Amino acid sequence: MSIDVRGVGKKFGDFVALDDVSVSIPTGQLTALLGPSGGGKSTLLRIIAGLETADTGTVSIEGRDATSLPAQKRNVGFVFQHYAAFKHLSVRKNVAFGLEIRKTPKDEVRRRVDELLALVHLTQFADRKPAQLSGGQRQRMALARALAVQPSVLLLDEPFGALDAKVRKELRDWLRRLHDEIPVTTVFVTHDQEEALEVADEIVVINEGRVEQVGSPDDLYDTPANPFVMGFLGPVT
Ligand code: ADP
Ligand code: MG
């Protein structure tokens with residue numbers, strides 16, 4: 001298992017955001033954390049990332065106990081809904097950033113960045129500034145940047161949430177294709193049933209701080225574990 005979450009609990013004051021959550025995510029899998037707003041998805045992702053600490057339970061990444069490791073030592077890549085690009089840097093420099101701060105040799109940086117820009121079809125925009133890209137292109141840049149440092153785990157929180165429906169659909173396909181090319185263990189948060197069902201290998205349904213069901217899109221659709229999952233997935237339009 002690449003990510004192992006065991007008995008994780010998290011409270012904000014008296015409010016229970018996560019209640020005894022356990023999830024195992026195999027290496028190389030593309031996993032969706034799916035559920036309604038306020039269910040605890042982002043909190044769980046942030047605990048996996050090391051951006052938030054759990055009150056109880058453990059997190060292992062690649063078989064190593066990461067529970068008390070800071071985020072920068074977990075070898076995780078992130079993509080958020082509103083991507084914080086460096087505005088004054090070119091697309092190429094944005095993608096190269098993580099490699100350069102790690103003092104990666106120049107020719108290797110160039111090779112890897114070229115490869116990633118080609119994969120997300122941004123080669124011709126390499127010298128532009130992020131402001132000169134569309135929203136969808138910017139998130140593709142964010143994907144390339146997160147993958148540049150060869151993370152063992154890629155975490156995305158509502159990565160396409162801020163985009164319009166057509167671009168969302170396009171980026172869904174990008175995520176799937178990119179994952180087929182570079183099969184990094186990936187967890188993405190979404191409240192969009194269709195997004196999860198179409199993209200993910202496996203879906204973890206989270207509601208009110210608890211895991212309701214874990215299964216493939218077909219499993220969830222054909223055999224929902226309980227009325228909540230049945231109602232939440234509903235007929236997909
Ligand atoms: P989701 O991503 O599924 O929408 P979150 O994990 O962001 O849900 O939040 C779960 C619940 O925990 C929400 O009710 C939210 O208001 C609460 N919460 C999240 N972060 C904090 C925080 N830092 N302080 C207080 N409450 C929080
Ligand atoms: Mg969230």
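User: What distance separates the centres of domain 1 and domain 2?

Analyst: In this predicted model, 26 Å separate the two centres, taken over C-alpha atoms. The contact between the domains takes seven residues from domain 1 and six residues from domain 2.

User: Which residues make up domain 1 and domain 2?

Analyst: Domain 1 is 1–75 + 152–160 + 178–225, while domain 2 is 83–150. Those bounds come from an automatic or database domain assignment.

User: How do you know how confident the predictor is in the chain?

Analyst: pLDDT gives that confidence for each residue, on a scale from 0 to 100. The chain's mean pLDDT is 93, and 98% of its residues reach 70 or more. For the complex, the predictor gives an ipTM of 0.98 and a pTM of 0.94.

User: Now the ligand. Which residues are around ligand 1?

Analyst: They are F12, A17, G35, S37, G38, G39, G40, K41, S42 and T43. To be listed, a residue needs its C-beta atom, placed from the backbone, within 6 Å of the ligand.

User: What makes up the shell around ligand 1 by class?

Analyst: There are two nonpolar, seven polar and one charged residues. Gly is counted as polar, so the glycines listed, including G35 and G38, go into that class. Helix α1 (residues 41–49) gives the most to this shell, with three residues.

User: On to the strands. What makes β1 and β2 a pair?

Analyst: Pairing takes at least two bridges found by DSSP. β1 and β2 have seven bridges and run antiparallel, so they count as a pair. V8 stands opposite V21 in β2. The two strands form a hairpin with two residues between them, and G13 in the turn has a positive phi of about 65°.

User: And what makes β4 and β5 a pair?

Analyst: At least two bridges are needed, and strand β4 (residues 56–61) and β5 have two, in the antiparallel sense. The conclusion is that they pair. I61 has R64 in β5 as its bridge partner. β1 and β4 also run antiparallel, joined by five bridges; there, D4 is partnered by S60 in β4.

User: Why are β2 and β5 said to stand at the edges?

Analyst: The open sheet of four strands has the order β2-β1-β4-β5. β2 (15–25) and β5 (64–65) each have a single partner strand, so one side of each is left without a neighbour in the sheet. Helix α1 packs on this sheet, touching β1 (3–12), β2 and β4. The direction of α1 makes about 120° with that of β1.

User: What is the order of the open sheet of six strands?

Analyst: The order is β6-β7-β8-β3-β9-β10. β6 (76–80) and β10 (210–215) each have a single partner strand, so they stand at the edges. Neighbouring strands of this sheet are turned by 15° against each other on average, direction ignored.

User: How is the pairing of that sheet of six strands described?

Analyst: The pairing is mixed. Strand β7 (residues 153–157) and strand β8 (residues 185–190), for example, run parallel and are joined by five bridges. L155 stands opposite V187 in β8.

Note on methods:
Residues are numbered from 1 along each chain as its sequence is written. Chains are lettered from A and ligands numbered from 1 in the order in which they are written. This is a predicted model: local features need pLDDT of at least 70, side-chain atom pairs count only at pLDDT 80 or more; totals for chains, interfaces and linings use all residues. Two residues are in contact if their C-beta atoms, placed from the backbone, lie within 7 Å. Axes are lines fitted to C-alpha atoms, for helices over the stretch in contact, and angles run from 0 to 180 degrees between N-to-C directions.
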